[in-house]
Amino acid sequence: MHKTLKSAVVVFVGSLVAASCATNAPQDTWQPKGPNAKLIDDLQQPVFAVAGIIGLIVAAAVTYTVIKYRDRGQPIPEQTHGKPALEITLTVIPALILAVVAVFTFGAIFKLAKTDDTEMIINVTGQQWWWEYDYPVQNEFGITSPIISSGQLVMPVGTKVLLRETSRDVIHSYWIPALNGKRDAVPGRVQTLRLEADEPGIYAGQCTEFCGLSHANMRMEAVALSKEDFAKWVANQQAPYVVPAKDSLAQQGETVFLNQCVRCHQVNGLMRADGTPAIAAPDENVWSGAAPNLSHLMSRNTFAGAAFDLLSKKCRDEVWGAPSNVVGAKYLAGVTEDCLNQKDLRAWLRNAPEMKPMYANPADLEISNGKYRGMPYLALSEDDINKLVAYLLTLK
Amino acid sequence: MFSTGFKYFFGVTVLSVVALVMSVALFKNLALIGVAITFLIAAGALLTGLAIITSDGTTRDANVQTSDMTTQSLWPLVTGIGTVFLALGLVTSSIVFFGGVVVLLAALSEWMIQAWSERASSDASHNAEARKRLLNPIEFPVLAALGLGVVIFAFSRIMLTVDKSTGAVLFIVVGTLVLVAGTLFAIKPNMKRSVGAAICALGAIGIIAGGVASAVSGEREELALAAEEGHFTHKECGPEESEYFDKLKEETLSLRSAVSATIIYQDGELIAKIQGLNKPQKSITVPRSNATNIIFRNATEGEFRLVVDLGKPKTEDKDSDHDVDCTQLIETGGEQSLTLKIPKSSSADNHYKLFIAGAEDKQIIVVVP
């Protein structure tokens, strides 16, 4: 029995050590890349060390007691009650440790909650299972008309950005580990979270409040660009809609988009044949009332709630692996036809619910008043998919 | 070789595996049930292992001949009642059905533990102690929670029936009585248990009786009227002032902590203040299809109303009127919230707007991206 126990302990400890050896861990909380995350890191390193030591002592004491005093048929020892000196000592020591931790923790919490030094605000709205970002007018950053995007949060480096978070359906939680801690996005409330990046780069994140079937696929990426690159990104996002070339495959794709996709997805500037603006109506079809705005889709690197890459693996690796002085240029290049992840995009258009678990089966819609949660199966023909891909590639 | 603890946890583990297999067979979506039962299996297996390693859970005198004497038990009767509720629930309502399930499970658990404990050893007092050690940690919190729930529910009925000022007095009186009783128990630790129990029982019975009487007589008039007419949410965007306006609701923490923008009418100008932006704004951004709170503050002499123009309900209907919503007339220095939920994006030639009634040129553009 002892041999089995020892083997189990060795396997358990070995698994823990092996699990901590990941080299590619973009959501590693121990690698802060901005002042807010560093503040948390400076707090958690000593607290973790103290808690770890205490945890080991307690675990060792419990293990020793369980093994040493296990039932071997011996009589029950004398039962005693009350050792005031020991009890007071064991109460005071943890209380003192917690008091010291509390002083530093409260200091960090108040610093992280500051909003009066904000330089830029971005509204962040969560819904099953993607994040929407909208940038209100802020002339000092060249944002003269609102910008709307999804999947990737683009921000300038060295700028105190305040996210104003809310949710359209259930509670979500926004977390970019390299830039700050978590903040819940709650329906009917506006919660704030500070983000600031020290240097250009792409930082991965993940919804951290269980929010339904595809919670695990509700990802996000924060793209920090130099101020010059950010100005270019802003200019591109505010550029007017470009009508596809006449008689091109993309123009046919625009027609398919108007017939199929505009029921939920908005593309700013897209006009119907009668000259009226094509205004999406996701509120009539989607439970949360929103679907990603696809204006300038190919300036992003991800789609479907950042669950899939718009870039092929080779091109994605080039952007993610680029040094900080060139990552901005690589990112701003957007998605070209050569770099497009055709496989996943086509599979998504072919049958989205097969790619990402969603409540999109017409037979199961009674719980959401007949509205979809996620993108449904549209029964598009391969011909329509070809046209749509050609059209989406024009949304630079 | 196998201790009672081992048998118990082994049984829990086996039953959990059976439950998982049945869940896989019966349910399409196992997302939560599967995770819960898998954790139960893991916990059961771990405790089974610990029980066999430490030989824990063996009752004293386990090898001594057990007593055949059994005590009287209520649990067969309660099990029968639970079964009846379960059957009734199948043809009446799901609440009765689930009530029956809960009663049935509780009675069967109690019955099972009692049956086991009575045969644990030849010592009846030890058997009773074994039963208490196992069940009291569950029974006491559950019964306490149920009892408190009934008392709190009864008290809430009373507070909904009496008028506001009487309610405040009643709250103070009841709170004081609880404090006095608590103090009495603290300074008289040797008080007879029957006296303490009698005081608690009298208090509980008084509140429950008051609750039943209140529930029978119904809620106070203004609440009944509010429920009937919904006048706390009623808004009139014409020149008249509404009679009802729940100012206290405007002070709630939930509303104050969820304000997206504050719209201020000051010195004849309408401006927006947005958290994080230092300068006053002439436009606000509102996420589409999402309830967004704004607050209107009147800092100008006179009474003014903020109106929001929500455009035409259907853009293709060129003849339809614009939808509007508004605050009430707000006196100087006063505030009122307004919740915007706009399902359609605005476009360059179709922006939504906030304006002051009677002074339509004082505007804030509402952008819905």
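Student: Which residue stands opposite B:Ile284 in β9(B)?

Tutor: B:Val366 stands opposite B:Ile284 in β9(B). Before going on, note that this is a predicted model, in which local features need pLDDT of at least 70 and side-chain atom pairs count only at pLDDT 80 or more, while totals for chains, interfaces and linings use all residues. Residues are numbered from 1 along each chain as its sequence is written, chains are lettered from A and ligands numbered from 1 in the order in which they are written, and side-chain values use heavy atoms, with hydrogens and water left out.

Now the strands around that pair. Strands (E, at least two residues) and helices (H or I, at least four) are DSSP runs, numbered from the N terminus. Two strands pair if DSSP finds at least two bridges between them. β3(B) runs parallel to β9 (residues 359-367) of chain B, and three bridges join them. β9(B) also pairs with β8 (residues 352-356) of chain B. That pairing is antiparallel, with five bridges. One of its bridges puts B:Ile356 with B:Ala359 of β9(B). β8(B) and β9(B) make a hairpin, with two residues between the strands. In that turn, B:Gly358 has a positive phi of about 90 degrees.

Chain B also holds an open sheet of four strands, in the order β2-β1-β4-β7 with mixed pairing. Its edge strands are β2 (269-273) and β7 (335-340), and each pairs on one side only. β4 (residues 292-298) of chain B meets β7(B) in the antiparallel sense over six bridges. There, B:Arg297 stands opposite B:Glu335 of β7(B).

Contact means heavy atoms within 4.5 Å. By that rule, 32 residues of chain B and 42 residues of chain A take part. The two chains bury about 2900 Å² between them (accessible area, 1.4 Å probe, lost on being put together and summed over both). Carbon and sulfur atoms carry 53% of that area. Eight residue pairs, both at pLDDT 80 or more, are in polar contact between the chains. A polar contact is a pair of N or O atoms within 3.5 Å; within protein, one must be able to donate a hydrogen and the other to accept it, and residues adjacent in sequence count only if both atoms are side-chain atoms. On the side of chain B that touches chain A, the elements giving two or more residues are α2 (31-54), β1 (259-266) and β3 (283-285). α2(B) gives the most, with three residues. The residues on that side divide into eleven nonpolar, 17 polar and four charged. Here Ala, Val, Leu, Ile, Met, Phe, Trp, Tyr, Cys and Pro count as nonpolar, Asp, Glu, Lys and Arg as charged, and the others, Gly among them, as polar.

Next, the charges. The loop between β1 (120-127) and β2 of chain A holds A:Trp129. The peptide bond from A:Gln128 to A:Trp129 is cis, with omega near -5 degrees.

Finally, chain A has an open sheet of three strands, β4-β10-β9, with mixed pairing. β4 (152-156) and β9 (201-206) of chain A stand at the edges with a single partner strand each, so one side of each lacks a neighbour in the sheet. β4(A) and β10 (residues 219-225) of chain A are parallel, over five bridges. A:Leu153 has A:Ala222 of β10(A) as its bridge partner. Helix α4 (residues 227-237) of chain A lies across both strands, at about 130 degrees to β4(A).

How values were computed: Axes fitted to C-alpha atoms, helices over the stretch in contact; angles between N-to-C directions.
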